[in-house]
Amino acid sequence: METTQRPWIVMKFGGTSVASVNRWQSIVKIIAACTAEGNQVLIVHSALSGVSNLLETAIKETAFGEHQKTFEQICKTHVELCTAMNIDHQQLLDSDFHKLQKLLSGMELTGEASPMVQAKTMAIGEIMATKIGAQYLLQNQIQCKWLDARELLLATTSKKDTDHDRFLSANCDDTIDKNLQQKLLQTKSAVILTQGFIASNKNNETVLLGRGGSDVSAALFAAKIAAKRLEIWTDVPGMFSADPKYIASARLLKDLSYREAQEIASLGAKVVHPRSFPPVRRASIPVHVRCTHAPHLAGTKISDMPADSSPRVKAITVRSGITLISLTTSSMWKVPGFLAMAFSAFMANNLSIDLVTTSETSVTVSLDANQSNEDEALEQLTQDLSSLCKIEIVKGCNTVSLVGRGIRTILHKLTPTLELFTEHPIRLLSLAANDLNLTVIVDAEQAQLLAARLHDVLFDIEENDLVFGPTWDEKTPTKNEQLKQTEWWQEKRQNLLELMADRNSAYVYDLETIDQALQRLQNLRSIDKCFYAMKANAHPKVLQRVIASGTGIECVSIGEMKHVLQHFPDIDRQKLLFTPNFAARTEFEFAFSQNIKVTLDAIYPIKNWPELFDGARLNLRVDPMRSRGHHKHVLTAGDRAKFGIPATDIPQISDLVKKADAIVDGLHSHAGSGILDPDHWSDIGSYLAGLKEYFPGLTHINLGGGLGVPERPGGTALDMATLDAGLLELKKHLKNIGLWLEPGRYVVAEAGVLLSRVTQTKSKYQSRFIGIDTGMNSLLRPALYSSRHEIFNLTRLEQSNDTRRVTIVGPICESADIIGTDRQLPKTSEGDILLIANAGAYGAVMSSNYNLREPAAELTI
């Protein structure tokens with residue numbers, strides 16, 4: 001077949017996809033397979049992962065003459081990839097290194113980094129990366145022609161464009177370009193490689209297409225050469241119904257329309273840049289989003305003929321960094337032109353508005369995220385509008401959007417979600433004019449929780465659904481790769497199976513893993529005292545390890561205090577805390593009789609039993625009014641939570657403490673559980689430090705617990721180094737006030753597994769069930785908190801490649817007795833042992849004899 005007759009396939013590879021030899025080995029196979037089918041391939045690829053950020057940093061550092069280290073890091077990144085590929089980097093890249101050094105030195109010398117010079121500098125990242133890629137393809141028998149995108153794409157300009165617009169955020173038209181087509185054919189090469197992100201203007205100057213420009217470049221090339229399809233190759237297997245990092249049940253979106261995909265991308269999904277869709281939509285070129293390291297997966301197809309065009313919610317997205325502005329005045333009612341006057345002030349201050357809601361006396365708008373010089377612009381906006389209305393600014397909000405075709409026609413189906421908004425107060429609600437999204441704005445800490453709960457309520461997927469595919473775990477090969485990281489229960493698998501030889505169900509706790517968690521806590525330089533929240537797991541051998549590490553123990557009931565004293569009668573009482581909630585007077589009396597430090601959680605005890613507190617040194621639990629956590633039942637702050645004293649009651653309780661001749665020497669707060677934001681505890685500390693004026697005897701601040709753990713093997717872990725650094729910074733301002741911490745689940749969750757024997761299997765229409773010996777009588781968290789625990793067939797762990805989708809249930813006579821829904825397990829038989837991971841916390845301590853079934857026993861290993 002002649003080259004001129006072959007259809008074009010445009011392939012875009014992102015920075016992560018081109019940054020390692022392993023990925024390039026996969027790229028070689030992808031290209032070879034495509035050309036073998038009789039196609040020509042135009043490859044568009046980005047700078048190496050992280051290099052564009054380094055180039056931006058280097059440009060900023062030239063103002064202070066501090067760019068050399070960043071320059072060296074940029075060079076090192078490219079040299080290391082060349083070395084791994086057996087490419088002579090000196091011959092290939094030295095001229096580009098020299099050019100980059102010269103540009104940076106020029107900016108340092110002149111003290112100026114004009115948009116034109118910035119564009120020249122940033123383009124070098126794409127140029128170097130594509131030179132390496134082309135050379136590697138040639139080494140691997142892919143006859144490839146390298147072309148400079150600045151000779152292929154011409155940017156358009158207008159008189160209104162600023163220098164920033166012209167050089168750093170340029171536009172190109174997407175009409176068919178016969179000259180470009182002819183230029184590509186003249187290379188007589190079936191594979192052409194060029195750059196994303198860059199183009200030139202009519203003066204032959206380098207321009208950039210803005211961040212995300214490589215996706216846009218690929219779409220422009222596809223439209224201009226009338227490509228058969230555009231393939232976006234990334235490090236994920238397609239677009240999903242939610243972010244799989246936060247919502248494990250997120251489903252692959254197999255088939256979407258252009259407008260749906262663009263809406264999902266615009267509202268927070270980061271797989272494909274939203275500006276890449278208009279060119280291919282106008283040219284009716286289908287887009288396929290694929291995974292570079294798993295090219296056998298079909299990914300997401302985007303076209304003007306989606307498989308399912310019926311009205312339904314297809315995705316839930318979250319955007320962060322949203323600023324909300326409310327304009328209030330009674331004089332706007334029936335006044336023509338009020339909005340025009342108000343919005344002209346936004347335009348004058350170069351502030352782009354996203355969402356708008358109005359009433360007779362107020363207008364609330366949100367701003368597009370990441371606007372330059374936003375703080376200065378908002379300050380000027382406030383002054384400009386001061387004579388027109390009262391202005392209130394709320395920063396740090398998030399949007400949560402339901403995205404899909406025909407949202408208005410399915411509002412009645414959203415009824416079950418409305419109850420969620422009672423626990424997640426919304427600041428703004430907007431139904432899009434294009435009928436493609438319903439968006440709410442909430443406080444940042446509420447967004448992912450709300451998104452997860454909306455996803456649980458709205459997405460009930462049937463098998464062979466035209467739109468929704470498998471979950472992330474089912475779709476990607478990463479699960480087995482994660483297991484290769486070796487969890488403790490993998491190393492001790494045989495021991496666990498032997499323990500279960502004559503048992504049907506048991507919790508097993510690995511004491512070494514507990515020791516490791518305790519050591520990480522002891523390594524925190526910022527923390528003066530650490531107390532283990534024993535409600536997470538009260539097993540005596542667990543408590544023994546806690547005490548041996550020097551960690552104290554926090555109790556929440558008289559039963560827990562007696563349990564500790566029974567097993568460890570000689571424990572230093574300074575190592576014990578009592579933090580009750582609505583406890584009886586007798587429990588306070590017992591704590592004081594044992595010289596155990598008490599935390600006061602409400603006004604009632606000290607107001608009605610002041611004699612108990614005579615001479616006592618107390619902690620005071622304050623409600624920070626900022627809930628955090630993965631479910632409403634683990635949120636322990638806010639006006640709907642039963643914990644803590646509201647800040648408005650602080651003056652009153654301060655007086656009551658004085659009257660009782662007591663001293664508050666510690667302030668305590670706890671906002672929730674499962675928190676992975678390392679800044680949370682420094683935020684809490686700052687909040688509590690602001691109350692010290694009421695308590696002159698303050699010696700410590702108890703930051704509470706809630707330290708999150710990865711929800712799956714290989715999942716995101718809490719960054720303890722960042723947490724520690726933030727608290728050390730806080731301590732600089734606290735003088736002699738110490739910091740305490742109260743972790744519970746962090747210490748024991750990963751150390752525990754629940755093992756249970758399979759009793760039966762069942763198929764029912766499209767559903768497959770696996771029944772095990774125990775259920776919510778042993779592990780209540782999935783039913784109570786909608787918690788996800790990873791589940792494995794320990795008996796057949798090595799057979800995990802051949803899997804099927806199943807739901808794991810217990811024997812309790814309740815519909816909620818479900819341990820895990822839609823999980824991938826190998827073919828499972830009666831007698832197999834299933835392992836439920838991360839079950840060391842809030843498992844056995846919450847078990848019951850419901851249905852008169854004995855809960856799982858507890859063992860240590």
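This is a predicted model: local features need pLDDT of at least 70, side-chain atom pairs count only at pLDDT 80 or more; totals for chains, interfaces and linings use all residues.

Trainee: Start with H3 and H4. At what angle do they pack?

Mentor: About 165 degrees, with the axes 11 Å apart. H3 covers residues 68–84 and H4 covers residues 89–110.

Trainee: Parallel or antiparallel, then?

Mentor: Roughly antiparallel, because the angle is over 145 degrees.

Trainee: Which residues make the contact?

Mentor: From H3, Gln68, Phe71, Ile74, Cys75, His78, Val79 and Cys82. From H4, His89, Leu93, Phe97, Leu100, Gln101 and Leu104. By class, that contact has nine nonpolar, four polar and no charged residues.

Trainee: And the handedness of the crossing, left or right?

Mentor: H3 passes H4 in a right-handed crossing.

Trainee: Next pair. How do H21 and H22 pack?

Mentor: At about 30 degrees, axes 10 Å apart. H21 is residues 558–567 and H22 is residues 585–593. The angle is under 35 degrees, so the two helices are roughly parallel. Their crossing is left-handed.

Trainee: What's in the contact between them?

Mentor: H21 gives Ile558, Met561, Lys562 and Leu565. H22 gives Thr586, Glu587, Phe590 and Ala591. These divide into five nonpolar, one polar and two charged.

Trainee: Switching to H24. Which of its residues are buried?

Mentor: Ile650, Ile653, Ser654, Leu656 and Val657, in a helix that runs over residues 650–659. Seen down the axis of H24, they fall within an arc of 165 degrees, so they line one face.

Trainee: What covers them?

Mentor: The cover includes strand E23 (597–600), helix H23 (603–608), strand E24 (617–621) and strand E25 (663–668). On the other side of H24, Lys658 and Lys659 are exposed.

Trainee: What comes after H24?

Mentor: Aspartate 661 follows, with a positive phi near 60 degrees.

Trainee: What about lysine 188?

Mentor: Lysine 188 has a positive phi of about 55 degrees, although it is not a glycine. Its place is the loop between helix H7 (178–186) and strand E4 (191–195).

Trainee: Is lysine 188 buried or exposed?

Mentor: Exposed, with a relative accessible area of 75%.

Trainee: And tyrosine 842, where is that?

Mentor: In the loop between strand E33 (833–836) and strand E34 (857–860). Tyrosine 842 also has a positive phi of about 55 degrees. Its relative accessible area is 16%, so it counts as buried, the cut-off being under 20%.

Trainee: Over to E31. Where does threonine 807 sit, and is it buried or exposed?

Mentor: Threonine 807 lies in strand E31, residues 803–809. It is buried, at 10% relative accessible area.

Trainee: What does threonine 807 contact?

Mentor: Leaving aside neighbours within four places in sequence, Arg768, Phe769, Ile770, Ile818, Gly820, Thr821 and Asp822.

Trainee: Last one, alanine 816. Where is it?

Mentor: In the loop between E31 and strand E32 (818–826). Alanine 816 is partly exposed, with a relative accessible area of 40%.

Trainee: What does alanine 816 touch?

Mentor: Met776 and Ala783, not counting residues up to four places away in sequence. Alanine 816 and serine 786 are 30 residues apart in sequence and 10.0 Å apart in space, C-alpha to C-alpha.

Note on methods
Residues are numbered from 1 along each chain as its sequence is written. Side-chain values use heavy atoms; hydrogens and water are left out. Axes are lines fitted to C-alpha atoms, for helices over the stretch in contact, and angles run from 0 to 180 degrees between N-to-C directions. Helices (H or I, at least four residues) and strands (E, at least two) are DSSP runs, numbered from the N terminus. Angles under 35 degrees count as roughly parallel, over 145 as roughly antiparallel, 65 to 115 as roughly perpendicular and the rest as oblique. A crossing is left-handed if the near helix is turned anticlockwise from the far one by less than a right angle, and right-handed if clockwise. Contact means heavy atoms within 4.5 Å. Ala, Val, Leu, Ile, Met, Phe, Trp, Tyr, Cys and Pro count as nonpolar, Asp, Glu, Lys and Arg as charged, and the others, Gly among them, as polar. Buried means under 20% relative accessible area, exposed over 50%, partly exposed in between (1.4 Å probe, protein chains only). The arc is that of the directions from the helix axis to the C-beta atoms.
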